[in-house]
Every structure is written in structure tokens, then in C-alpha cells.
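This note is for a colleague opening the structure for the first time. Please keep the sequence and the model side by side while reading.

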Amino acid sequence: MDIVTLAQAASETKFKGLGAVGYGLAAIGPGVGIGIVVGKAIEGMARQPEMAGQIRTTMFLGIAFTEALALIGIVTGFIF
């Protein structure tokens with residue numbers, strides 16, 4: 001084996017577990033975001049109960065968009 005092959009093999013195995021750590025860090029943001037979205041939606045429903053249906057729909061859209069960040073985080077963990 002030449003030195004280039006050895007360097008490539010060393011770089012592949014050196015940081016093998018960092019994908020899980022990266023995804024763990026990437027999941028913090030969406031977790032906080034979903035908590036804020038749901039908390040504000042509950043606050044809005046408490047202030048105006050007649051708008052609960054519309055607020056709930058908007059809340060679910062916000063949760064979906066925020067959860068997309070977590071999916072992007074797991075995909076980038078597999079890529080890198």
C-alpha cells in the first residue's frame with residue numbers, strides 16, 4: 001500500500017461516530033422550535049378560543065416546516 005491509500009483509510013475510520021453527534025446537535029434546533037410553535041399556539045388559543053381551528057392548522061404547518069429541519073439534519077449526517 002502506498003501512503004495515499006493509508007491516509008484515505010485513516011481518514012475514513014477516524015471520525016466514524018461524528019454523524020450521530022452531528023444529528024444530535026441538529027435535532028436541538030427543531031426541538032426548541034416545535035416547543036415554541038406549540039407554546040405560542042396554545043397561548044393564542046387561550047386568548048381567542050374562536051380562532052382555535054385556524055391557529056391549530058397554522059401550528060401544524062409550523063411543526064411540519066420545523067420538522068423538515070430535523071430531516072435535513074439526519075440526511076446531512078448520512079452524507080458527511
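The points below go from the whole chain to single residues.

1. Basis. This is a predicted model, in which local features need pLDDT of at least 70 and side-chain atom pairs count only at pLDDT 80 or more, while totals for chains, interfaces and linings use all residues. Residues are numbered from 1 along each chain as its sequence is written, and side-chain values use heavy atoms, with hydrogens and water left out.

2. Overall fold. The protein chain has three helices and zero strands; helices (H or I, at least four residues) and strands (E, at least two) are DSSP runs, numbered from the N terminus. Along the sequence the pattern reads α-α-α. Helix 2 covers residues 18-47, and helix 3 covers residues 52-79.

3. Burial and surface. The protein chain has 80 residues, of which 15% count as buried. Buried means under 20% relative accessible area, exposed means over 50%, and partly exposed lies in between (1.4 Å probe, protein chains only). The accessible surface is about 6100 Å², and carbon and sulfur atoms hold 72% of that surface. Accessible areas come from the Shrake-Rupley method with a 1.4 Å probe; for residues, only the protein chains shown count as cover.

4. Nonpolar core. Which residues form the largest nonpolar core? The five are Ala41, Met45, Ala52, Ile55 and Met59. Helix 2 and helix 3 each supply at least two residues of this core, and helix 3 gives the most, with three residues. A nonpolar core here is a set of buried Ala, Val, Leu, Ile, Met, Phe, Trp, Tyr and Cys residues joined through side-chain atoms within 4.5 Å. As background, nonpolar side chains tend to be buried together in soluble globular proteins.

5. Nonpolar patch. Tyr23, Leu71, Ile74, Val75, Phe78 and Ile79 make a nonpolar surface patch of about 610 Å². Patches are built from residues with over 30% relative accessible area and no salt bridge; like charges are joined within 9 Å, and nonpolar side chains (Val, Leu, Ile, Met, Phe, Trp, Tyr) within 5 Å. Helix 3 provides the largest share of the patch, five residues. Tyr23, in contrast, is found in helix 2; with 31% relative accessibility, Tyr23 counts as partly exposed.

6. Salt bridges. How many salt bridges are there? The count comes to two, where a salt bridge is a side-chain nitrogen of Lys or Arg within 4 Å of a carboxyl oxygen of Asp or Glu. One joins the side chains of Lys40 and Glu43 at 3.8 Å, N to O. These two residues are separated by about one helical turn, because they are three residues apart in helix 2. The other joins Arg47 and Glu43 at 3.5 Å, N to O; being four residues apart in helix 2, this pair is also separated by about one helical turn. Lys40 is exposed at 53% relative accessible area, Arg47 is exposed at 65%, and Glu43 is partly exposed at 35%. In general, side chains of opposite charge can pair when their charged atoms come close.

7. Thr66. A polar atom of the Thr66 side chain lies 2.7 Å from the backbone oxygen of Gly62. Setting aside neighbours within four places in sequence, Thr66 is in contact (heavy atoms within 4.5 Å) with Pro30, Gly33, Ile34 and Val37.

8. Pro30. Pro30 lies in helix 2 and is buried, with a relative accessible area of 6%. Not counting residues up to four places away in sequence, Pro30 touches Thr66, Leu69 and Ala70. Pro30 and Leu71 are 41 residues apart along the chain, and their C-alpha atoms are separated by 9.6 Å.

9. Gly22. Gly22 is placed in helix 2 and is partly exposed, with a relative accessible area of 34%. Where Gly22 and Ile74 are concerned, the distance along the chain is 52 residues, and the C-alpha atoms are separated by 8.3 Å. Ile74 is also one of the residues of the nonpolar patch.

Notes:
Polar contact = N/O pair within 3.5 Å; in protein donor to acceptor, adjacent residues only side chain to side chain.
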